[in-house]
Amino acid sequence: RLRAHHQLLRDNRHDALSFMALDLAFARKMVLGTHNVALELLYNTVERLVEQNPLARPAFLTNPEGTIAVYEKLLDLLDQRDVERVRNVSRGLLTRLDRRLLDKLDPTGITRGAEAPVDELEDDQHAARGTSRGVRTEVS
């Protein structure tokens, strides 16, 4: 199901509204696959904010090729069924995708605060690993 949805994203990458709707739906499927209620509630808020804010729409066409490529890598990781690898690699992939998006939307960096280097983010995430126990990360 996720692969078919990914193909729809690819097919609609030049249509901002369709791509936005498909991107949000893909993210929802990924979130639901975690079986994490807190993440789902957070996602619901983000989805409403994006859908109700017309200024968010251009962001979905800022880097569709990058989004499609990152999702492809995530799907490949999920196919390997290595939960730790999915967890570790996906963080880096999504962090880089977000940074590229922010750089394109705000090249001066005025609206962003200081960001921690990726190495620090990974170290913090490893230190907090114990807090994520019991959370399933498989996607069906």
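Predicted model: local features only at pLDDT ≥ 70, side-chain atom pairs only at ≥ 80, totals over all residues.
# A tour of a helical protein

Read along the sequence, the pattern is α-α-α-α-α-α. Residues are numbered from 1 along each chain as its sequence is written, and side-chain values use heavy atoms, with hydrogens and water left out.

**Stop one: the inside.** Of the 140 residues in the protein, 30% are buried. Buried means under 20% relative accessible area, exposed over 50%, and partly exposed in between (1.4 Å probe, protein chains only).

Select Phe26 and Tyr71, which are both buried. A search of the whole structure finds 1 aromatic pair. The ring centres of Phe26 and Tyr71 are 4.3 Å apart and the planes are at 20°, so this pair is stacked. Rings of Phe, Tyr and Trp (its six-membered ring) pair if their centres lie within 6.5 Å; planes under 30 degrees apart count as stacked, over 60 as edge-to-face and the rest as tilted. Phe26 is in helix α2 (residues 16–34) and Tyr71 in helix α4 (residues 64–80), so the pair ties together parts 45 residues apart in sequence.

**Stop two: two loops.** Most residues other than glycine have a negative phi. Select His35, in the loop between α2 and α3: its phi is positive, about 60°, although His35 is not a glycine. Next select Arg81, in the loop between α4 and α5, where phi is near 55° and again positive. Arg81 is exposed, with a relative accessible area of 69%.

**Stop three: the surface.** Show Leu39, Leu42 and Val46, which make a nonpolar surface patch of about 240 Å². Patches are made of residues with over 30% relative accessible area and no salt bridge; like charges are joined within 9 Å, nonpolar side chains (Val, Leu, Ile, Met, Phe, Trp, Tyr) within 5 Å. A salt bridge is a side-chain nitrogen of Lys or Arg within 4 Å of a carboxyl oxygen of Asp or Glu. Accessible areas come from the Shrake-Rupley method with a 1.4 Å probe. Leu42 sits in helix α3 (residues 37–52) and counts as exposed at 52% relative accessibility.

Finally, select Lys73, Arg96, Arg100 and Lys104, a surface patch of positive charge. Helix α5 (residues 83–105) gives the largest share of this patch, 3 residues. Arg100 is in helix α5 and is partly exposed, at 46% relative accessibility.

Key. Lys, Arg positive; Asp, Glu negative; His and termini not counted. Charge placed at Lys NZ, Arg CZ, Asp CG, Glu CD. Helix = DSSP H or I, 4+ residues; strand = E, 2+ residues; numbered from the N terminus.
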